[in-house]
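Welcome to this short tour. Please open your viewer, keep the selection tool handy, and follow along stop by stop.

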Amino acid sequence: MVLDLERNEFKDTYTIGDGEALRVNQVCSDGTWLYAATESGLRRLLADPFLVDYNAWERVSGIPFPDGAYSGVAWYANTLFAAYRDPAGV
């Protein structure tokens with residue numbers, strides 16, 4: 001969701017998922033990719049005008065628990081960090 005704080009209005013809303021809306025917990029960017037921590041994996045999208053097309057978002061693979069619930073994501077020192085929420089609570 002994009003907010004215009006000066007005009008107090010919603011400017012745009014984006015849907016991430018495979019046709020259904022996923023809960024997005026946090027978003028970050030490395031300058032090329034936009035990353036989203038969701039309840040069903042990390043998703044990424046090239047930072048371009050296709051934000052509104054949910055088909056343009058891809059699941060990040062090659063990571064532990066690619067379909068798991070991620071509560072946060074951050075880009076720091078050329079490294080992507082993600083917080084995975086273990087459903088077993090361990």
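Start by selecting Arg 85, which is partly exposed because its relative accessibility is 37%; here buried means under 20% relative accessible area, exposed over 50%, and partly exposed in between (1.4 Å probe, protein chains only). Before you move on, note that this is a predicted model, in which local features need pLDDT of at least 70 and side-chain atom pairs count only at pLDDT 80 or more, while totals for chains, interfaces and linings use all residues. Residues are numbered from 1 along each chain as its sequence is written, and side-chain values use heavy atoms, with hydrogens and water left out.

**Stop one: the partner of Arg 85**

The side chains of Arg 85 and Glu 39 form a salt bridge, at 2.6 Å from N to O; the term means a side-chain nitrogen of Lys or Arg within 4 Å of a carboxyl oxygen of Asp or Glu. This pair ties together distant parts of the chain, 46 residues apart: Arg 85 sits in strand β8 (residues 79–85) and Glu 39 in the loop between β4 and β5. Glu 39 is partly exposed as well, with 28% relative accessibility.

**Stop two: the whole chain**

Zoom out and color by secondary structure. The protein chain has 0 helices and 8 strands, where helices (H or I, at least four residues) and strands (E, at least two) are DSSP runs, numbered from the N terminus. The C-alpha trace spans about 45 × 30 × 25 Å along its principal axes. Of the 90 residues in the chain, 27% are buried.

**Stop three: strand β4**

Select residues 33–38. How many residues of strand β4 are buried? The count is 6 of the 6, so the strand is largely enclosed by the rest of the structure. In a regular strand, side chains alternate between the two faces of the sheet. Turn the view to see both faces of β4 covered: Trp 33, Tyr 35 and Ala 37 are buried on one side, and Leu 34, Ala 36 and Thr 38 are buried on the other.

**Stop four: the neighbors of β4**

Show strand β3, residues 24–29, which pairs with β4 in the antiparallel sense over 5 bridges; two strands pair if DSSP finds at least two bridges between them.

Next, show strand β5, residues 41–46. Its pairing with β4 is also antiparallel, over 6 bridges, and a hairpin of 2 residues connects β4 to β5. Look across from Tyr 35 and you will find Arg 44 in β5.

Arg 44 is partly exposed at 24% relative accessible area, and Glu 58 is partly exposed at 33%.

Finally, select Arg 7 and Glu 9, whose side chains meet in a salt bridge of 3.7 Å, N to O. Arg 7 is exposed, at 57% relative accessibility, whereas Glu 9 is partly exposed, at 30%. Across the whole structure, a search finds 4 salt bridges.
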